[in-house]
Amino acid sequence: MTITREHSLLLRFFTGASLAVAIIAMAFVAQGQEQPNASDVADGMRLFEQKGNCQACHGWAGDGHKTDSQMPDGANLRETKLDRTGLALIIKCGKLNSQMPAFDKFAYSDGRCYGKTQSDLKSYPTRMPDPPATLQQREINLVVDFLIAKVIGKGPMDRAKCIEFWGSETEVCKQFSK
């Protein structure tokens, strides 16, 4: 078989395109952007709701409509611009000079968070509260998986999103009109 100039150009194009797709795919995997599985999302949701008690400040939908009137107002996570790395950092280290707690047990014991120690935190007017529980890095990653899959960038909550969020029609979804 004789390879013509056109065939040679097509072969180069498809080889180059395949290489570009492979590089992009590897970049996503390297950045941890692969899609989490349903089990990880469910575990992250459970950690968000129960162990971390995040809905007390951020609301069950992550929209800032909190469930506990005693807790501070949390950010609307549905509108956050934070990426995976930023979300994990905020969960791990909290937010300095705010009511967002650090969920890493050793966050300010050795300077791992923002290069600060517990004594540095005393200079801030707003004291970072203790979290309801601490989370291991694996658990923080699961919460981030859940947030990315079900909350971040999903827009305001409505009935259809509520049903999709919970996996079926629940009592809480009845607050949204059909």
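A: A disulfide is a pair of cysteine sulfur atoms within 2.5 Å of each other. In general, such a link is a covalent bond between the sulfur atoms of two cysteines. The model is predicted, so local features need pLDDT of at least 70 and side-chain atom pairs count only at pLDDT 80 or more, while totals for chains, interfaces and linings use all residues. Residues are numbered from 1 along each chain as its sequence is written, and side-chain values use heavy atoms, with hydrogens and water left out.

Q: How many disulfides does a search of the whole structure find?

A: The search finds two disulfides. Counting bonded cysteines along the chain, their pattern is 1-2, 3-4.

Q: Which cysteine is joined to C93, and why is that disulfide called left-handed?

A: C93 is joined to C113, with an S to S distance of 2.1 Å. The torsion about the S-S bond of C93 and C113 is about -70°, so this disulfide is left-handed.

Q: Where do C93 and C113 lie?

A: Helices (H or I, at least four residues) and strands (E, at least two) are DSSP runs numbered from the N terminus. C93 lies in helix α4 (residues 84-93) and C113 in the loop between α4 and α5 (118-121), so the pair ties together parts that are 20 residues apart in sequence.

Q: Is C93 buried or exposed?

A: Buried means under 20% relative accessible area and exposed over 50%, with partly exposed in between (1.4 Å probe, protein chains only). C93 has 0% relative accessibility, so it counts as buried. C113 is also at 0% and is buried.

Q: What is the S-S torsion in the link of C162 and C173?

A: The value is -85°, and the link of C162 and C173 is left-handed. This pair links distant parts of the chain: C162 is in helix α7 (residues 159-166) and C173 in the segment after α7, eleven residues apart. The sulfur atoms of C162 and C173 are 2.1 Å apart, and both residues are buried.

Q: What is the distance from C54 to the nearest cysteine sulfur?

A: C54 is in no disulfide, and the nearest cysteine sulfur, that of C57, is 8.5 Å away. C54 is buried, at 14% relative accessible area. C57 is likewise in no disulfide, and its relative accessibility of 15% counts as buried.

Q: How many residues does the largest nonpolar core have?

A: In soluble globular proteins, nonpolar side chains tend to be buried together. A nonpolar core is a set of buried Ala, Val, Leu, Ile, Met, Phe, Trp, Tyr and Cys residues joined through side-chain atoms within 4.5 Å. The largest one here has 27 residues, and I91, F146 and L147 have the most contacts inside it. Helices α2 (38-51), α4, α6 (137-150) and α7 each supply at least two residues of this core. The largest share, six residues, comes from α6.

Q: Which residues does F146 touch?

A: Contact means heavy atoms within 4.5 Å. Leaving out residues up to four places away in sequence, F146 touches V41, G44, M45, F48, V151 and F165. A second, separate core of seven residues includes A102, Y108, L121 and M128.

Q: How many helices and strands are there in the protein?

A: The protein has seven helices and zero strands. Of its 178 residues, 33% count as buried. Among contacts between residues at least 6 apart in sequence, 52% join residues at least 24 apart.
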